[in-house]
Amino acid sequence: MNKRMKTLGRLLAAVTSLAILLSMTAFAEGKESSKESSSTSTTETTKPGEEADSGEGGTGGGDTNGNNNVDEGVKAVTPHLMAYAVTNAAGGEVTKVEKGDRVNIVLTIVDSEAPQDLKASQIAARVNNAAFTYTGLGEASNVDTDAHTYTLLFRDVIYNGGDNNFTVDISYIGHGMAQGNVSHAMGQCVTTTKDNSRTPSILVRGNKIATSVQGAAAGTALAGNECTLTLDLLSTSGDEALTDLLVTLALPEGVTLASGNSTAYIGSMAAGSSTSVSFQLLPGANFTGGVATIGVSLSAVGKDTGAAVSSSTNVTVPVMQPERFELTNLEAPETLYLGEEGYVSLTFVNKGKSSINNLSAEISGENIANPGQSQYLGNIAAGTENSVDFNVQASNAGTLKGTITLSYEDDQGNVKTMTKDFSCDVQEMPNYNDGMDDFDPGIVEPEKTGLPIWAKALIGVAVVAVIAGVVVFIRKKRKEKALGTLEDEDEDI
């Protein structure tokens, strides 16, 4: 009995140990499974978070401060100031603006990235500087899609003092472009409450660009060609004349002076007066930046006080690559038979530094049985050659006159056309059956073959001569034989 109880006790202990071991194993497996589940859950929740972070880097609606985090590939508004003016309500120029004054500010903007179909109503321009108070959007006008320029007017702007940088945020409504901005130091604005100095300040009021190259857009320089940069200078905010006025340019890479020096000596300038100075520039033939930003430094001395006066700013010059798209060779038939199909080929080459975009070709003309043919050729990269081919047929005998018209867009989006004329003589198709209607193949005599008559005659003469010779030879032999016989007979006698 005791032995059985001991055995039963040992069995119960073993079962208990096995149960504990199984429980611990299950617990460990459950804990590991929980970790994996937690890890999976974390991964699944991290992905949306990462996407959200990525989304914050997008353009969204764009912030009003112009500090957009623009995705790569999204085009941005790139405004540059060409000229500006500060006027009163009547339109007269204002040379000094103090704290609390109300003025109108007019900006002339150039943006090489502006859409070709941009309208004034789509330009949203808002002042973004505490030194100036202006409510609402500026008035846009004078949109020139060829020169990529437009004008912004801000009426009744209040100057609050402390800073003279006039900053404007600009966006193009409905064009999906990131917001940009433009800022300029207004030299007319006095940064203190009242002007306690007699020495005036000097500033660049505007700039103009001119070139003698035919076909160049107004206010635009052509790469590889000389141009003239004219700066308008203004002396403001004082009653003392200036002396030893110097204007110095800092040129960007790819732009040099065509002649002269980068520093121009103006000399004296009366208070409240204006003057201008010009420089001869040469944008390099390989300049493809679109806009050249040029630094301008001004320095002078007060005539009476000897006080040093200086200021600096940047001016922008749009630079375009000259177009060198040429038609080089035309191949067309000189003569074409009515009903026959002819082949016309026109070769063209882009010798410029910019691509030719959206090229298409069409053929038209007089006496063409298949007019209106057109082909889309796409974009032609700089330094490449290609050709376009057409098949033509004439409607009537006479002259066929044709024109191949090429239509394309230059790198500024302007649509242009080039044409090439050709002509050819059209004749009736020849009738190769003329004079053959009465021909009867049954009475055709077989062609005689063999030697010609004269050859046969010569052969006959030769045969006769041979025969005659043979006859003479035989007779001679017979005669000699006969004589020999007679001599024998004489000897016998």
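1. How many bridges join β7 to β8? Six bridges join the two strands, which run antiparallel. In this pair Asp169 stands opposite Asn181 of β8. Strand β8 covers residues 180-185 and has two faces. Gly180, Val182 and His184 make the covered face, while Asn181, Ser183 and Ala185 make the uncovered one. Strands here are DSSP runs (E, at least two residues), helices are runs of H or I with at least four residues, and both are numbered from the N terminus. Two strands pair if DSSP finds at least two bridges between them.

2. A word on the basis. This is a predicted model, in which local features need pLDDT of at least 70, side-chain atom pairs count only at pLDDT 80 or more, and totals for chains, interfaces and linings use all residues. Residues are numbered from 1 along each chain as its sequence is written, and side-chain values use heavy atoms, with hydrogens and water left out.

3. Overall make-up. The chain holds two helices and 25 strands. Of its 493 residues, 31% count as buried. Buried means under 20% relative accessible area, exposed means over 50%, and partly exposed lies in between (1.4 Å probe, protein chains only). The chain exposes about 29,100 Å², with carbon and sulfur atoms supplying 51% of that area. Accessible areas come from the Shrake-Rupley method with a 1.4 Å probe; for residues, only the protein chains shown count as cover.

4. Contacts along the sequence. Take contacts between residues at least 6 apart in sequence: 70% of them join residues at least 24 apart. Contact means heavy atoms within 4.5 Å.

5. The largest nonpolar core. This core has 34 residues. Those with the most contacts inside it are Leu107, Phe132, Leu152, Phe154, Phe166 and Ile170. A nonpolar core is a set of buried Ala, Val, Leu, Ile, Met, Phe, Trp, Tyr and Cys residues joined through side-chain atoms within 4.5 Å. The elements giving two or more residues are β1 (80-87), β2 (102-110), β3 (123-127), β6 (149-159) and β7 (165-172). The largest share, five residues, comes from β6. Leaving aside neighbours within four places in sequence, Leu107 is in contact with residues including Leu81, Tyr84, Leu152, Phe154, Phe166 and Met186. A second, separate core has 29 residues, among them Leu233, Leu245, Leu281 and Phe287.

6. The five-stranded sheet. Its order is β19-β25-β24-β21-β22; the sheet is open and the pairing mixed. β19 (335-337) and β22 (374-380) are the edge strands, each pairing on one side only. Neighbouring strands are turned by 30° against each other on average, direction ignored. Axes are lines fitted to C-alpha atoms, for helices over the stretch in contact, and angles run from 0 to 180 degrees between N-to-C directions. Eight bridges join β21 (356-366) to β24 (398-409), and these two run antiparallel. Ser364 stands opposite Thr403 in β24.

7. Cysteines. The disulfide count is zero, taking a disulfide as a pair of cysteine sulfur atoms within 2.5 Å. Cys189 is buried at 7% relative accessible area. Cys227 is buried at 2%.

8. Val309 lies in β17 (308-320) and is buried, with a relative accessible area of 8%. Val309 and Ser299 are ten residues apart in sequence and 5.6 Å apart in space, C-alpha to C-alpha. Thr243 sits in β12 (242-250) and counts as buried at 18% relative accessibility. Not counting residues up to four places away in sequence, Thr243 touches Gly267, Ser268, Ala300, Val301 and Lys303.
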